[in-house]
Amino acid sequence: MAVAITIFSSVLSTPTPSNIAFAAGDGGGAQIGANAKITTGGASTLQSGRTIAITRGVNLDRSDFKGQDLKGVAFQQSIVRDSDFRGANLVGSSFFDATVDGSDFTGADMTLSNVEMAQFNRSNLKNAVVREMYVSGSTLFEGVKDIEGSDWTDTFLRKDQKKYLCSHPTAKGTNPTTGVDTRESLMCID
(Lines give C-alpha, C1' and ligand atoms only; values in the text may rest on other atoms or scores of the structure.)
Protein backbone atom coordinates (compact mmCIF):
# COMPACT_ATOMS: atom_id res chain seq x y z
CA MET A 1 0.00 0.00 0.00
CA ALA A 2 1.41 3.34 -1.01
CA VAL A 3 1.40 6.15 1.50
CA ALA A 4 1.36 9.75 0.31
CA ILE A 5 2.78 12.35 2.67
CA THR A 6 2.32 16.07 2.14
CA ILE A 7 4.33 18.59 4.12
CA PHE A 8 2.28 21.71 4.80
CA SER A 9 5.14 23.88 5.90
CA SER A 10 8.67 24.07 4.62
CA VAL A 11 9.57 26.29 7.55
CA LEU A 12 10.65 24.18 10.50
CA SER A 13 10.42 26.97 13.02
CA THR A 14 8.96 26.26 16.42
CA PRO A 15 5.32 27.33 16.47
CA THR A 16 4.02 29.54 19.21
CA PRO A 17 0.39 29.73 20.34
CA SER A 18 -0.04 32.87 18.24
CA ASN A 19 1.15 31.32 14.96
CA ILE A 20 -0.42 27.86 15.20
CA ALA A 21 -3.07 27.42 12.57
CA PHE A 22 -5.36 24.41 12.47
CA ALA A 23 -8.04 24.09 9.83
CA ALA A 24 -10.90 22.78 11.95
CA GLY A 25 -13.60 22.70 9.27
CA ASP A 26 -17.07 21.33 9.88
CA GLY A 27 -16.70 17.82 11.34
CA GLY A 28 -15.02 14.76 9.94
CA GLY A 29 -11.79 15.15 11.89
CA ALA A 30 -8.64 14.43 9.92
CA GLN A 31 -10.63 12.33 7.46
CA ILE A 32 -11.50 15.51 5.54
CA GLY A 33 -8.49 17.03 3.81
CA ALA A 34 -9.39 20.57 4.85
CA ASN A 35 -9.26 19.49 8.49
CA ALA A 36 -5.94 17.70 8.24
CA LYS A 37 -3.79 20.80 8.07
CA ILE A 38 -1.64 21.93 10.93
CA THR A 39 0.34 24.58 9.11
CA THR A 40 3.45 24.91 11.25
CA GLY A 41 5.57 21.83 10.76
CA GLY A 42 2.68 19.41 10.27
CA ALA A 43 1.99 16.83 7.62
CA SER A 44 -0.80 14.56 6.57
CA THR A 45 -0.89 11.06 5.13
CA LEU A 46 -3.53 9.34 3.04
CA GLN A 47 -3.98 5.66 3.92
CA SER A 48 -6.80 3.55 2.53
CA GLY A 49 -8.80 6.64 1.62
CA ARG A 50 -8.52 8.35 5.01
CA THR A 51 -6.34 11.32 5.80
CA ILE A 52 -4.45 11.47 9.10
CA ALA A 53 -2.82 14.71 10.22
CA ILE A 54 0.62 14.21 11.70
CA THR A 55 2.39 16.70 13.95
CA ARG A 56 5.44 14.58 14.70
CA GLY A 57 7.94 16.42 16.84
CA VAL A 58 6.10 19.74 16.78
CA ASN A 59 5.96 22.04 19.80
CA LEU A 60 2.26 22.80 20.37
CA ASP A 61 2.54 24.10 23.95
CA ARG A 62 -0.46 26.13 25.17
CA SER A 63 -2.56 25.39 22.06
CA ASP A 64 -6.33 25.75 22.05
CA PHE A 65 -8.09 22.72 20.54
CA LYS A 66 -11.22 23.14 22.69
CA GLY A 67 -14.27 21.45 21.17
CA GLN A 68 -12.53 20.62 17.89
CA ASP A 69 -13.04 17.45 15.85
CA LEU A 70 -9.53 15.97 15.93
CA LYS A 71 -10.56 12.41 15.09
CA GLY A 72 -7.51 10.52 13.85
CA VAL A 73 -5.05 13.39 14.33
CA ALA A 74 -1.57 12.22 15.31
CA PHE A 75 0.31 14.29 17.89
CA GLN A 76 3.16 11.76 17.82
CA GLN A 77 6.36 12.73 19.61
CA SER A 78 5.03 16.26 19.98
CA ILE A 79 5.20 18.55 22.96
CA VAL A 80 1.62 19.50 23.79
CA ARG A 81 1.94 20.85 27.34
CA ASP A 82 -0.71 23.04 28.98
CA SER A 83 -3.02 22.75 25.95
CA ASP A 84 -6.81 22.85 25.92
CA PHE A 85 -8.57 19.75 24.54
CA ARG A 86 -11.78 20.25 26.55
CA GLY A 87 -14.72 18.58 24.79
CA ALA A 88 -12.60 17.64 21.76
CA ASN A 89 -13.27 14.56 19.64
CA LEU A 90 -9.95 12.70 19.81
CA VAL A 91 -11.28 9.26 18.77
CA GLY A 92 -8.45 7.26 17.20
CA SER A 93 -5.92 10.03 17.73
CA SER A 94 -2.31 9.30 18.59
CA PHE A 95 -0.27 10.82 21.38
CA PHE A 96 2.52 8.26 20.91
CA ASP A 97 5.58 9.40 22.87
CA ALA A 98 4.00 12.84 23.35
CA THR A 99 4.34 15.08 26.37
CA VAL A 100 0.87 16.34 27.35
CA ASP A 101 1.80 17.52 30.85
CA GLY A 102 -0.74 20.00 32.19
CA SER A 103 -3.12 19.63 29.25
CA ASP A 104 -6.87 19.69 29.88
CA PHE A 105 -8.86 16.79 28.40
CA THR A 106 -12.05 17.49 30.40
CA GLY A 107 -14.98 15.89 28.59
CA ALA A 108 -12.84 14.84 25.61
CA ASP A 109 -13.49 11.54 23.82
CA MET A 110 -10.19 9.66 23.53
CA THR A 111 -11.70 6.28 22.62
CA LEU A 112 -9.21 4.09 20.72
CA SER A 113 -6.43 6.67 21.10
CA ASN A 114 -2.81 5.58 21.15
CA VAL A 115 -1.11 6.99 24.24
CA GLU A 116 1.86 4.65 24.17
CA MET A 117 4.83 6.22 26.00
CA ALA A 118 2.87 9.47 26.65
CA GLN A 119 3.27 11.48 29.86
CA PHE A 120 0.15 12.87 31.58
CA ASN A 121 1.70 14.70 34.55
CA ARG A 122 -0.67 17.49 35.76
CA SER A 123 -3.17 16.60 32.98
CA ASN A 124 -6.89 16.82 33.62
CA LEU A 125 -8.94 13.80 32.48
CA LYS A 126 -12.15 14.75 34.32
CA ASN A 127 -15.24 13.31 32.55
CA ALA A 128 -13.04 12.12 29.67
CA VAL A 129 -13.94 8.98 27.73
CA VAL A 130 -10.69 7.02 27.62
CA ARG A 131 -12.15 3.69 26.50
CA GLU A 132 -10.05 1.12 24.67
CA MET A 133 -7.00 3.39 24.65
CA TYR A 134 -3.74 1.77 23.64
CA VAL A 135 -1.46 2.12 26.66
CA SER A 136 2.03 0.66 26.80
CA GLY A 137 4.15 -0.20 29.78
CA SER A 138 5.89 3.15 29.60
CA THR A 139 2.77 5.37 29.52
CA LEU A 140 2.81 7.52 32.65
CA PHE A 141 -0.35 8.68 34.41
CA GLU A 142 1.52 9.47 37.64
CA GLY A 143 0.90 13.07 38.63
CA VAL A 144 -2.39 13.27 36.69
CA LYS A 145 -4.48 16.11 38.13
CA ASP A 146 -8.05 14.77 37.94
CA ILE A 147 -9.76 11.57 36.72
CA GLU A 148 -13.19 12.08 38.28
CA GLY A 149 -15.98 10.82 36.02
CA SER A 150 -13.56 9.34 33.45
CA ASP A 151 -14.45 6.06 31.71
CA TRP A 152 -11.52 3.61 31.36
CA THR A 153 -13.54 0.64 30.03
CA ASP A 154 -11.33 -1.86 28.16
CA THR A 155 -8.18 0.24 28.60
CA PHE A 156 -5.57 -2.19 29.88
CA LEU A 157 -3.18 -0.56 32.31
CA ARG A 158 0.09 -1.73 33.82
CA LYS A 159 -0.50 -2.92 37.43
CA ASP A 160 1.34 -0.02 39.05
CA GLN A 161 -0.49 2.56 36.91
CA LYS A 162 -3.86 0.94 37.70
CA LYS A 163 -2.99 0.95 41.41
CA TYR A 164 -1.96 4.60 41.21
CA LEU A 165 -5.17 5.64 39.42
CA CYS A 166 -7.39 3.59 41.76
CA SER A 167 -5.76 5.27 44.77
CA HIS A 168 -6.04 8.75 43.25
CA PRO A 169 -8.30 11.02 45.37
CA THR A 170 -10.39 11.89 42.29
CA ALA A 171 -11.02 8.24 41.28
CA LYS A 172 -14.78 8.56 41.73
CA GLY A 173 -17.92 9.62 39.94
CA THR A 174 -19.77 8.57 36.82
CA ASN A 175 -18.96 9.58 33.27
CA PRO A 176 -21.72 11.94 32.03
CA THR A 177 -21.48 10.64 28.44
CA THR A 178 -21.29 6.86 28.95
CA GLY A 179 -22.89 6.54 32.40
CA VAL A 180 -20.01 4.30 33.55
CA ASP A 181 -18.55 4.57 37.06
CA THR A 182 -14.88 5.56 37.09
CA ARG A 183 -13.75 3.03 39.72
CA GLU A 184 -15.71 0.25 38.02
CA SER A 185 -14.17 1.05 34.61
CA LEU A 186 -10.69 0.96 36.20
CA MET A 187 -11.61 -2.38 37.85
CA CYS A 188 -10.52 -1.04 41.23
CA ILE A 189 -10.78 -3.47 44.12
CA ASP A 190 -12.61 -1.68 46.94
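1. Basis of the note. A residue is called buried when its relative accessible area is under 20%, exposed when over 50%, and partly exposed in between (1.4 Å probe, protein chains only). The model is predicted, so local features need pLDDT of at least 70 and side-chain atom pairs count only at pLDDT 80 or more, while totals for chains, interfaces and linings use all residues. Residues are numbered from 1 along each chain as its sequence is written, and side-chain values use heavy atoms, with hydrogens and water left out.

2. Helix α1. Helices (H or I, at least four residues) and strands (E, at least two) are DSSP runs, numbered from the N terminus. Helix α1 spans residues 159–167, and its buried residues are Q161, L165 and C166. These three lie on the same side of α1, because they cover an arc of only 130 degrees around the axis, the arc being that of the directions from the helix axis to the C-beta atoms. K159, K163 and S167 are exposed on the other side of α1. The buried residues of α1 pack against α2 (182–186).

3. The disulfide. With a disulfide defined as a pair of cysteine sulfur atoms within 2.5 Å, a search of the whole structure finds 1. The bond joins C166 to C188, with an S to S distance of 2.0 Å. The link of C166 and C188 is left-handed, with -90 degrees about the S-S bond. Since C166 lies in helix α1 and C188 in the segment after α2, the pair ties together parts that are 22 residues apart in sequence. C166 counts as buried at 13% relative accessibility, and C188 is buried with a relative accessible area of 14%.

4. Aromatic pairs. Rings of Phe, Tyr and Trp (its six-membered ring) pair if their centres lie within 6.5 Å; planes under 30 degrees apart count as stacked, over 60 as edge-to-face and the rest as tilted. By this rule the structure has 10 aromatic pairs. One of them, F65 with F75, is edge-to-face, at 5.6 Å centre to centre and 65 degrees between the planes. F65 and F75 are both in the loop between β3 and α1, 10 residues apart, and both are buried. The rings of F85 and F95 have their centres 5.7 Å apart and their planes at 85 degrees, so this pair is edge-to-face. F85 and F95 each lie in the loop between β3 and α1, so the pair ties together parts that are 10 residues apart in sequence. F85 is buried, with a relative accessible area of 0%, and F95 counts as buried at 0%.

5. One aromatic cluster is formed by F65, F75, F85, F95, F105, F120, F141 and W152. M133 lies in the loop between β3 and α1 and counts as buried at 4% relative accessibility. Taking contact to mean heavy atoms within 4.5 Å, and leaving aside neighbours within four places in sequence, M133 is in contact with M110, L112, S113, V115, F141, W152 and T155. M133 and L112 are 21 residues apart in sequence and 4.6 Å apart in space, C-alpha to C-alpha.

6. T99. This residue lies in the loop between β3 (50–54) and α1. T99 counts as buried at 17% relative accessibility. Apart from its neighbours within four places in sequence, T99 is in contact with S78, I79, V80, R81 and Q119.

7. Side chains of opposite charge can pair when their charged atoms come close. A salt bridge is a side-chain nitrogen of Lys or Arg within 4 Å of a carboxyl oxygen of Asp or Glu, and the structure holds 6. D82 and R122 meet in one of them, at 3.1 Å, N to O. Both D82 and R122 lie in the loop between β3 and α1, so the pair ties together parts that are 40 residues apart in sequence. D82 counts as partly exposed at 35% relative accessibility, as does R122 at 39%. R131 forms a salt bridge with D151, the closest N and O atoms being 2.9 Å apart. R131 and D151 are both in the loop between β3 and α1, 20 residues apart. R131 is partly exposed, with a relative accessible area of 24%, whereas D151 is buried, with 0%.

8. Further salt bridges. The side chains of R158 and D160 meet in a salt bridge at 2.5 Å, N to O. R158 is partly exposed, with a relative accessible area of 29%, and D160 is partly exposed, with 35%.
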